[in-house]
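This briefing sets out the fold, selected residues and backbone geometry of one protein model. Please consult the sequence and the structure alongside the text.

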Amino acid sequence: MKKKKPKMRRNIATDVVHGKQILTDLKTRALSVPIYQSAVFTFESAEAGAAIFAKEKKGYFYTRLGNPTIEAFEDKMVYLEGGEAACAFASGMAAISGTVLSICNSGDEIIAVYPIYGCSYSFMVDILPRWGIKVIWAKSDNFLTNVRKSLTKKTKLIVIETPVNPTIDIIDIKATAELVHKNKALLAVDNTFASFYNQKPLDLGADIVMYSATKYISGHGDTVGGVVIGKQDFINYVKDYTIRDLGAIISPFNAWLLLRGLRTMAVRMEAHNRNGLEVARFLEHHPKVSRVRYPGLTSHPQYQIAKKQMLNFSSMIAFELRGGREAGRKLMNSVKLCVCAVSLGDAATLIEHPASMTHSSYSKQALKESGISEGLVRISVGIEDVHDIIADLEQALKHC
Ligand SMILES: Cc1ncc(COP(=O)(O)O)c(C=O)c1O
């Protein structure tokens, strides 16, 4: 009997380099996806143009409605994340607002985790009510109970981040999906802090995954972009209406930079994961630090959930200094290697103060209610040598 050839199983580290196929441009056999920096694609004939517009024939005609470089990025994200289809956006905020506006109508309600990234918060507080969409906040501690209390017949969508920005709380994706689906609503997960390398929300039951691709996917802090992955019908709607008519497309060059970022994602994420844990352990034992939140520490209140749903713990840490806000200010002014800056997932270690920076759109009361204290510092641990990062934090902490 002929022996069956074993099915080759590839590892994620291979997948991020090659995607589904090594050569994405089979015409030229270019190894790197070419940048199709063209707004317009010509028609062979008037009939061919009409057939493309009528969707009887596949073809490119205008970059806002389709571009080969952007599609190569979307295809690779589908391959890496799972799911049926993807749509790239100009930024993470475009991906989040585009998702919500694609799903919700006037009169619908959404439930969102509290806290949430500052601009997601202001989008939901300042913009959505103008379109008749009500937002109900569910605090991240005791999240499931809070969601259960808030679900109504009008609930269309639940939006979560996990780990939560900036408090690094962990939300149980599987349990949330089960609860939400019983109510016939959808669950969208902003997976920016974990990345697909460490967490796969679709496998845990989520309906939609959203990213600020500006962060770990880019990895180099040199481009802004976003992406949404989900069911084919949903992505068709997003492309055919939301992207087409609101127009928040990514540029071919930025999509190409994200493709380039993906190729090194495995080695970068391994370094981020390793350094994140070491820096968290260092901070946890430092006498000037009163509290550390990192999902890989057993002291994290939701460590068991993190362990269950994350493959590894990424490099986002929140911590409080005993000296409060003033000590945090001194720390950020005293670092020499770490950089005082917002954003995250960069090769460089970035340190910031959420209350006055990424979450400054929150009122004083909202900061208090959502658990973002004045003394909270957020660090995105980079891929430098971890001894250098720790030595820098150690010398800076002497000033606090
Ligand atoms: C969790 C999270 N989601 C979304 C965004 C928005 O992404 P972008 O800046 O690419 O619009 C950010 C930005 O920091 C973020 O931290």
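Is Leu65 buried, partly exposed or exposed? Leu65 is partly exposed, its relative accessible area being 38%. The model under discussion is a predicted one. The protein chain contains 14 helices and 12 strands. Its radius of gyration is 22 Å, close to the 21 Å that the globule rule gives for 400 residues, so the chain is as compact as a globular protein of that length.

**Overall architecture**

- Along the principal axes, the C-alpha atoms of the protein chain fill a box of roughly 70 × 55 × 50 Å.
- Of the 400 residues in the protein chain, 55% are buried.
- Among contacts with a separation of 6 or more, 72% are between residues 24 or more positions apart.
- The protein chain has an accessible surface of about 18,500 Å², and carbon and sulfur atoms account for 54% of this area.

- Leu65 belongs to the loop between α2 (46-53) and α3. Its C-alpha atom is separated by 11 Å from that of Ile250, although the two residues are 185 residues apart along the chain.
- Val33 is located in the loop between α1 and α2 and counts as buried, at 13% relative accessibility. The C-alpha atoms of Val33 and Thr349 are separated by 29 Å, and these residues are 316 residues apart along the chain.

**Helix α9**

- Helix α9 spans residues 252-263, which amounts to 12 residues. From its first C-alpha to its last, α9 reaches 17 Å, close to the 16 Å expected at 1.5 Å a residue.
- The buried residues of α9 are Pro252, Ala255, Leu257, Leu258, Leu259, Gly261 and Leu262.
- These buried residues pack against three helices: α1 (12-18), α3 (68-81) and α10 (265-284).

**Aromatic pairs**

- Across the whole structure, a search finds 13 aromatic pairs.
- One of them joins Phe253 and Trp256 in a stacked arrangement, with 6.0 Å centre to centre and 15° between the planes. Phe253 and Trp256 are three residues apart in helix α9, so about one helical turn separates them. Phe253 is partly exposed, at a relative accessible area of 39%.
- Tyr303 and Phe313 form a tilted pair, at 6.4 Å centre to centre and 40° between the planes. Tyr303 is in helix α11 (residues 303-309), and Phe313 is in the loop between α11 and β9 (316-321), 10 residues apart. Tyr303 counts as buried at 16% relative accessibility, and Phe313 is likewise buried, with a relative accessible area of 13%.
- Tyr114, Tyr121, Trp137 and Tyr362 are linked into a cluster by ring pairs.

**Cysteines**

- The count of disulfides in the model is zero.
- Cys104 is buried, with a relative accessible area of 7%.
- Cys119 is partly exposed, with a relative accessible area of 34%.

**Backbone geometry**

- Most residues other than glycine have a negative phi, and most peptide bonds are trans. The following positions depart from these patterns.
- Tyr114 and Pro115 are joined by a cis peptide bond, with omega about 10°. Pro115 is in the loop between β2 (109-114) and α5 (118-127). Tyr114 also takes part in the aromatic cluster noted above.
- A cis peptide bond also runs from Thr162 to Pro163, with omega near -5°. Pro163 is placed in the loop between β4 (155-161) and α7 (173-182).
- Ile168 lies in the loop between β4 and α7 and has a positive phi of about 65°, although it is not a glycine. At 0% relative accessibility, Ile168 counts as buried.
- Asn142, another residue other than glycine, has a positive phi near 65°. Asn142 occupies the loop between β3 (134-139) and α6 (143-150) and counts as exposed, with 55% relative accessibility.

Note on methods. Residues are numbered from 1 along each chain as its sequence is written. This is a predicted model: local features need pLDDT of at least 70, side-chain atom pairs count only at pLDDT 80 or more; totals for chains, interfaces and linings use all residues. Side-chain values use heavy atoms; hydrogens and water are left out. Helices (H or I, at least four residues) and strands (E, at least two) are DSSP runs, numbered from the N terminus. The expected span of a helix is 1.5 Å times one less than its number of residues. Buried means under 20% relative accessible area, exposed over 50%, partly exposed in between (1.4 Å probe, protein chains only). Contact means heavy atoms within 4.5 Å. A disulfide is a pair of cysteine sulfur atoms within 2.5 Å. The radius of gyration is taken over C-alpha atoms; the globule rule is 2.2 Å times the number of residues to the power 0.38. Accessible areas come from the Shrake-Rupley method with a 1.4 Å probe; for residues, only the protein chains shown count as cover. Rings of Phe, Tyr and Trp (its six-membered ring) pair if their centres lie within 6.5 Å; planes under 30 degrees apart count as stacked, over 60 as edge-to-face and the rest as tilted.
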